[in-house]
Amino acid sequence: MDIGDVYAKIEEQLGQNLPFVVYRKADSMTLHAVFQENNQVYEVEDYTVSGFVFAPFDNAHKAVIIPSEKSDYCTATILSQTISSEKRTSGTIDNALLVESEAQKKHIELVKKGIEAIQSDRFKKVVLSRKEEVSISDSFSSLHIFKNLIHYYPKAFVYLWCHPKIGTWMGATPETLIRVKNNNFFTMALAGTQPYIDTINVDWGTKELVEQEMVTSFVTNKLSSIINDIQHSKTYTHKAGTLLHLRTDISGVLDNENSRIEKIIEVLHPTPAVCGLPKDEAKSFILATEGYNRKYYTGFMGELNMNEDGIIKSNLFVNLRCMELSNGKAILYVGGGITKDSDPEKEWEETVKKTETMKRVLL
């Protein structure tokens, strides 16, 4: 299939209200597409099935899947392209500054509650988030936004996922949850954020370094009982779009009896990078205190047990830098890790920088 045929098929699926997902992996010019043949919602009962999985933050709720056996799969080469010439219209958002001021006040208060809970020894770290709505023109389609994501984020996993009974989501995430090929396993620890300004040779504060060490230690310790030969790289600065993060690569070898994908997901999801430490305490605080439903933000998605040239692979990614399209609006989801050293004002500013990186695909 050429790229024009894939885009035409996307429009056809949208017109027929049928589920699909299109995605492009980091550092790749190949577009993958999975088109479901009916509009049924398939839930994941166990992780031996094959298809494209889409899972919520709250693992008390089941993931959904576009099953390989109920879908057509194709690939196409992405052509060099320019950014969509269509422009976003802001709509009529009254009192925009007042709305932002209220959002800022609310988020700062949320962060303060998180810091107080840490100081009370409820947990060591918690990731707190918010959402922001941006009006978009009816003519500015999900496909146009997706093309912009492809252009702006060459080193991220970029996707557009649509199910008429659930919703439309898209994003450009820098974070791998797990990657499995044969018996080889890979994941990463990702934390800390600062803007990219001409160089990746930057200094990181104590807060970010401590947070990254927490995440790395949690992942390696938890996986050591089910993954053989666990190894991790030195922590380094990783560029994702216009932002920089601290990153540590973690690898190992699967033990076929003990390291089923379902068990690995159970250990890792939600990760400390999107939830906190200890995980259960931080998650309970998030669900009770954030004041909104994250839905699929900070969940995970990707290829599950998919056959590629005779090799079964799983490539799952944490759903970050994402948005939900609904009723003429793009709903952006952003957050940040809170530790005892966090500054509430700076945490607010970090979420603003993250929304700015996503808003540019809507312009």
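Tutor: Here is a tour of the aromatic rings, with a brief stop at a helix to finish. Please keep in mind that this is a predicted model.

Let's begin with the overall count: the structure holds 15 aromatic pairs. One of the pairs to look at is Y47 with F300, whose ring centres are 6.5 Å apart. The planes of Y47 and F300 meet at 40°, and because pairs between 30 and 60 degrees are neither stacked nor edge-to-face, this one counts as tilted. The two partners come from distant parts of the chain, 253 residues apart. Y47 lies in the loop between strand 2 (30-36) and strand 3 (51-55), while F300 belongs to strand 15 (residues 300-308). Both residues are buried: Y47 has 15% relative accessibility, and F300 has a relative accessible area of 2%. The cut-off for buried is under 20%.

F54, Y159, W161, W169, Y292, Y296, Y297 and Y333 form one aromatic cluster.

The charged end of K147 sits over the ring of Y7, 4.5 Å from the ring's centre. Likewise, Y153 has the charged end of R360 over its ring, at 5.3 Å from the centre.

Last comes helix 4, which covers residues 206-223 and has 18 residues. From first C-alpha to last, helix 4 reaches 26 Å, close to the 26 Å expected.

Note on methods: Residues are numbered from 1 along each chain as its sequence is written. This is a predicted model: local features need pLDDT of at least 70, side-chain atom pairs count only at pLDDT 80 or more; totals for chains, interfaces and linings use all residues. Side-chain values use heavy atoms; hydrogens and water are left out. Helices (H or I, at least four residues) and strands (E, at least two) are DSSP runs, numbered from the N terminus. The expected span of a helix is 1.5 Å times one less than its number of residues. Rings of Phe, Tyr and Trp (its six-membered ring) pair if their centres lie within 6.5 Å; planes under 30 degrees apart count as stacked, over 60 as edge-to-face and the rest as tilted. Buried means under 20% relative accessible area, exposed over 50%, partly exposed in between (1.4 Å probe, protein chains only). A charge sits over a ring if NZ of Lys or CZ of Arg is within 6 Å of the ring centre and within 35 degrees of the ring normal.
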